[in-house]
Amino acid sequence: MPTLSSFFGVTIKMYSEPNSKHKLPHLHAEYQDEQAVYDFLGNVIEGEIQQSKHRLIVAWIEIHREDLILNWDLLQKGKKYFKITPLR
């Protein structure tokens, strides 16, 4: 699973599954032993991450929504993704 960004101990990943039937664009966030799946509006689809990191992830999604959409389209077509700037 390609890593798109990392910040403050959080790692953001997105699957590359060309020709799959994913219907909802999403990303995977990991922090220590916690994991959650988010849509591109910042809603948690599955899992849980501590509140302080959750807020950072939601802010990062809001800032980089267009980049996430572009990466989703690239990865689902089997093309190369690009890294996204982390929070600083």
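Start with lysine 80, which sits over the face of tyrosine 81, 5.2 Å from the ring centre. A charge counts as over a ring if NZ of Lys or CZ of Arg is within 6 Å of the ring centre and within 35 degrees of the ring normal. Before going further, keep in mind that this is a predicted model, where local features need pLDDT of at least 70, side-chain atom pairs count only at pLDDT 80 or more, and totals for chains, interfaces and linings use all residues. Residues are numbered from 1 along each chain as its sequence is written, and side-chain values use heavy atoms, with hydrogens and water left out.

Staying with rings, there are 2 aromatic pairs here. Rings of Phe, Tyr and Trp (its six-membered ring) pair if their centres lie within 6.5 Å; planes under 30 degrees apart are called stacked, over 60 edge-to-face, and the rest tilted. One of the pairs is phenylalanine 40 with tryptophan 72, edge-to-face, with 6.3 Å from centre to centre and 85 degrees between the planes. The two come from distant parts of the chain, 32 residues apart: phenylalanine 40 is in the loop between β4 and β5, while tryptophan 72 belongs to helix α2 (residues 65-76). Helices (H or I, at least four residues) and strands (E, at least two) are DSSP runs, numbered from the N terminus.

Two strands pair if DSSP finds at least two bridges between them. Contact means heavy atoms within 4.5 Å; axes are lines fitted to C-alpha atoms, for helices over the stretch in contact, and angles run from 0 to 180 degrees between N-to-C directions.

Inside the sheet, β3 and strand β4 (residues 34-39) pair in the antiparallel sense over 6 bridges. Glutamate 30 has glutamine 35 as its bridge partner in β4. Which residue does glutamate 30 meet in a salt bridge? Its side chain meets that of lysine 13, at 3.8 Å from N to O. A salt bridge is a side-chain nitrogen of Lys or Arg within 4 Å of a carboxyl oxygen of Asp or Glu, and the structure holds 1. Glutamate 30 is partly exposed, at 22% relative accessible area.

Over in strand β1 is serine 6, partly exposed at 42%. Its C-alpha atom is separated by 9.4 Å from that of glutamate 30, 24 residues apart along the chain. Leaving aside residues up to four places away in sequence, serine 6 touches Thr11 and Pro86.

Finally, look at two loops. Phenylalanine 8, in the loop between β1 and β2, has a positive phi of about 50 degrees although it is not a glycine. Glutamine 32, in the loop between β3 and β4, also has a positive phi, near 50 degrees. Phenylalanine 8 is partly exposed at 44%, whereas glutamine 32 is exposed at 68%.

Conventions
Buried < 20%, exposed > 50% of the residue type's maximum accessible area, 1.4 Å probe, protein only.
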